[in-house]
Amino acid sequence: MSATDRPVVFRNGLVLTMDDAHTVLPGADVLVIDGRIAEVGVNLTAPDDALEIDATDGILMPGMVDTHRHMWQTAMRGYGADWTLTQYFVWYYLESGKLFRPEDVYAGNLLGAIEAIDAGVTTTVDWSHGLQTPDHADAAVDALEEVPGRFVLAYGNIQQGPWEWATSPEFRDFHRRRIDGGKLAGFQMAFDVTGDPAFPERAAFEVARDLGAAVTTHAGVWGATNDDGIRLMHENGFMNPSTVYVHAATLTHDSYNRIAATGGSVSVSTESEQSAGQGYPPTWQLRHHDIPVSLSMDTSVWWSGDLFSAMRATLGADRSREHLEAHAKQETITHCHLRAEQVVEWATRGGARALGMDSTIGALTPGRQADVVLIKNDASPVMFPILNPHGHVVFQAQRGDVHTVLVGGRVVKRDGRLVGVDLAAARAKVAATIDHLRETMGEEAWQRGMNPDVPETAILENPYQYTEWDAGSAQWKH
């Protein structure tokens, strides 16, 4: 990514540096030159041709990092709002996911990439498990390269076993053509380990090792992946610091110990885990085992595509579990262990560490790439006063408060509006995808998929329900 020729200076903002000490600087400036953070401080001297952005009454923070987003599913925004994980699997894995053409993957990725930078998510892992053919994979990359964000392609194919697609000549050819020397910020291989004792996934791990690619895998997902998968990975030597375990919500202490010992990290998608049924959001366990955490939003087919929602949900779920565990022992929590400051860290530098980019992004310190987010909204009563800046980011701010976004020094959003992005064209492509799916599926199947049956509700008999007062006996009568 090329930086803008013009320097940028943010003036008089409340700066969350997210450096090692989590330094907070009130009334400070951030100077960007040649796409990097040049200085952070008060009353900085900027070049005469610098673009000045007033950050007064705003919060400056590093660009957020999403380590697990199925971007190809963005065209189906909100369609599965009432799904369970089982219904998701049936719709995408067994039935309608097969109907997505390369142009549909392109449309979803394009809108998803635009959505990410609009919400201040400057780096996103496209957990792209809809790549049924090389044409689908090319379409995914084409879309990511079109949007001025920082993207990592996590290549996957839910219609084949990883031992099939990962060992094919077509996959190797794709990697040579589009990844070696390409424009993406990184590359991963995305597949799950089912726990089959034969460990057929070994072949895919060996390809990843040969390519020097990190593996990202849905682990600890209720009914799908479990401790056997972790054990097989560990016993065969395929767990390392670059491995990202997504969800990791239903694992035993033994599995968490294996992850901790081999230096891996966990991508927590709290809205997903809470709603779909992968398991209880595991940050309370990850903190206990000292496992690094990053955050992700999973898929727009259900949930919001911003990390403000992810931070808020994660902090709430962790504290809820802490209270629940204490109440079960007739105890009371008087001090929260997980703080807003730590969750902001997970949304920024935690993601950078998980992707091996901690030296280049994730903090506002000199020398790092200038991925900068200004949260400011003078028209909103919610942006004043800012007393606890980390708490404000987590519990008060939202995507509509993202005023300006820089990626590698390039202004991609200014004054609340995207810059250099053709949103209308992206919407038209997504509309074409919806038309294709509705026509191919048929309207009845389309509506049935979006509106699953509601389980019957059993009404318990309540002995305290009365219908009539008997004045003579001064009692309620059933």
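Helix 7 and helix 8 cross in a left-handed way: the near helix is turned anticlockwise from the far one by less than a right angle (clockwise would be right-handed). The model is predicted, so local features need pLDDT of at least 70 and side-chain atom pairs pLDDT 80 or more, while totals for chains, interfaces and linings use all residues. Residues are numbered from 1 along each chain as its sequence is written, and side-chain values use heavy atoms, without hydrogens and water.

Start with that helix pair. Helix 7 spans residues 227-235 and helix 8 spans residues 253-262. Helices (H or I, at least four residues) and strands (E, at least two) are DSSP runs, numbered from the N terminus. The two axes come within 9 Å and cross at roughly 35°. Axes are lines fitted to C-alpha atoms, for helices over the stretch in contact, with angles from 0 to 180 degrees between N-to-C directions. Which residues of helix 7 and helix 8 meet? Helix 7 brings Asp-227, Ile-230, Arg-231, His-234 and Glu-235. Helix 8 answers with Ser-255, Arg-258, Ile-259 and Thr-262. By class, the residues of this contact are two nonpolar, three polar and four charged. Here Ala, Val, Leu, Ile, Met, Phe, Trp, Tyr, Cys and Pro count as nonpolar, Asp, Glu, Lys and Arg as charged, and the others, Gly among them, as polar.

Now turn to helix 2 and helix 14. Helix 14 covers residues 423-441, and its axis comes within 9 Å of the axis of helix 2, crossing at roughly 140°. The pair is therefore oblique (under 35 degrees is roughly parallel, over 145 roughly antiparallel, 65 to 115 roughly perpendicular, the rest oblique). The crossing of helix 2 and helix 14 is left-handed. On the helix 2 side, the meeting residues are Glu-103, Asp-104, Tyr-106, Ala-107, Leu-110, Leu-111 and Ile-114. On the helix 14 side, they are Leu-423, Ala-426, Lys-429, Val-430, Thr-433 and His-436. This contact divides into eight nonpolar, two polar and three charged residues.

Is Thr-433 buried or exposed? Thr-433 is buried, at a relative accessible area of 1% (buried is under 20%, exposed over 50%, partly exposed in between; 1.4 Å probe, protein chains only). Beyond its neighbours within four places in sequence, Thr-433 is in contact (heavy atoms within 4.5 Å) with Ala-75, Arg-101, Glu-103, Asp-104 and Ala-107. His-436 is also in helix 14. His-436 is buried, with a relative accessible area of 17%. Leaving aside neighbours within four places, His-436 is in contact with Leu-99, Arg-101 and Asp-104.

The largest nonpolar core holds 106 residues, and Met-76, Met-189 and Met-311 touch the most other members. Such a core is a set of buried Ala, Val, Leu, Ile, Met, Phe, Trp, Tyr and Cys residues joined through side-chain atoms within 4.5 Å. Helix 2, residues 102-118, gives the most to this core, with nine residues. Met-76 touches Trp-91, Tyr-92, Phe-100, Ser-300, Val-301, Ile-434, Leu-437 and Trp-446, not counting residues up to four places away. A second, separate core has 17 residues, including Val-8, Val-15, Ile-37 and Leu-406.

Most residues other than glycine have a negative phi, and most peptide bonds are trans. Phe-384 and Pro-385 are joined by a cis peptide bond, with omega about -5°. Pro-385 lies in the loop between strand 14 (372-375) and helix 13 (389-395). His-22, not a glycine, has a positive phi of about 55°. Its loop runs between strand 1 (8-16) and strand 2 (24-33). His-22 is buried, at 14% relative accessible area. Phe-199 is not a glycine either, and has a positive phi of about 50°. Phe-199 lies in the loop between strand 9 (186-190) and helix 6 (202-211). Phe-199 is buried, with a relative accessible area of 4%.

Val-419 lies between strand 17 (417-418) and helix 14. At 33% relative accessibility, Val-419 is partly exposed. Val-419 and Asp-118 are 301 residues apart in sequence, yet 9.7 Å apart in space, C-alpha to C-alpha.
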